[in-house]
Amino acid sequence: MTFQSEARDALYGSWRLARLDRGALAFFGRDEGAFWRSFAAGVFLYPVFLIPLILGLSDQEWQQGDLLHFGLVETLGYVIDWVGFPQILLPIARYLGREPRWLSLVVVYNWSQILQKGVFLGALGIAGSGVLTDIAGIWLVQAAFLATLVYEWFVVRVALDVEWLPAVMIVLADLVFSLLITGIAAHFH
């Protein structure tokens, strides 16, 4: 199987998971090679990650010339987030007695990020376009954020084969870890 066909299958599986199809796991690789290749999703999403950051910079920040520093700090935070969360998942999977499913969970989790970020970035784009009122834009972004959390919860629940509460706790751990990394990165700007 080529990388392109593996990526295509994983994206299709991600879409099917969004439709609450438990059988979608069949579209994801489950071996060590698939694990490592799934991090290509992070490489693909890196420019998508940068768009809101760049658009959020003020004129003063652009003029200060610290863009290289800003970019390095944010890139480091991005890499730590992508590499660190699977490391947090491993002891949790062990504790839950699901360590053999950890590899598969990381593969599915990584590829599903493309769909999640697409939905969230789309909502941000619509909200910022002026098509909606400010309040409607805020509601749209909040709804997209909630939808991505529910989607991630389903991904974790199905891929790890756990009940709803452990899946909720894992999603909350992901959220807290990401907020922590974002906060630390912001401190170094």
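Reply: With a term: buried means under 20% relative accessible area, exposed over 50%, and partly exposed in between, using a 1.4 Å probe and protein chains only. The model is predicted, so to speak of local features pLDDT must be at least 70, side-chain atom pairs count only at pLDDT 80 or more, and totals for chains, interfaces and linings use all residues. Residues are numbered from 1 along each chain as its sequence is written, and side-chain values use heavy atoms, without hydrogens and water.

Me: OK. Is Glu 6 buried or exposed?

Reply: Glu 6 has 7% relative accessibility and counts as buried.

Me: And what does its side chain meet?

Reply: The side chain of Glu 6 forms a salt bridge with Arg 37, at 2.5 Å from N to O. The term needs a side-chain nitrogen of Lys or Arg within 4 Å of a carboxyl oxygen of Asp or Glu. Arg 37 sits in helix H2 and Glu 6 in helix H1, so this pair ties together parts 31 residues apart in sequence. Helices here are DSSP runs of H or I with at least four residues, numbered from the N terminus.

Me: How many salt bridges does the structure hold?

Reply: It holds 5. Another of them joins Arg 8 and Asp 9, with N to O at 3.6 Å; Arg 8 is exposed, at 54% relative accessibility. Asp 21 and Arg 16 also pair through their side chains, at 2.3 Å. Asp 21 is partly exposed, at 21%.

Me: Why flag that?

Reply: Most residues other than glycine have a negative phi.

Me: What about Asp 161?

Reply: Asp 161 also has a positive phi, near 60 degrees, and is not a glycine. Its place is the loop between H7 and H8. With 40% relative accessibility, Asp 161 is partly exposed.

Me: Next topic. How much space lies in the largest pocket?

Reply: About 1000 Å³. The lining has 32 residues, of which Phe 49, Asp 81, Lys 117, Ser 178 and Thr 182 are the closest to the centre.

Me: What counts as a pocket there?

Reply: On a 1 Å grid over the protein atoms alone, a pocket is an open set of points with protein on both sides within 12 Å along at least five of seven lines; lining residues have an atom within 4 Å of a point. Points join across faces, edges and corners, and the volume is the space filled by probe spheres set on them.

Me: Which helices supply at least two residues of that lining?

Reply: Helix H3 (40-55), helix H5 (67-95), helix H6 (102-128), helix H7 (134-160) and helix H8 (164-187) each do.

Me: Last one. Where does Tyr 46 lie?

Reply: Tyr 46 lies in helix H3 and is partly exposed, at 25% relative accessible area. Between Tyr 46 and Gly 97 there are 33 Å, C-alpha to C-alpha, and the two are 51 residues apart in sequence.

Technical notes: 1 Å grid on protein atoms, 1.4 Å probe; cavity = no way out; pocket = protein on both sides within 12 Å on 5 of 7 lines; lining within 4 Å.
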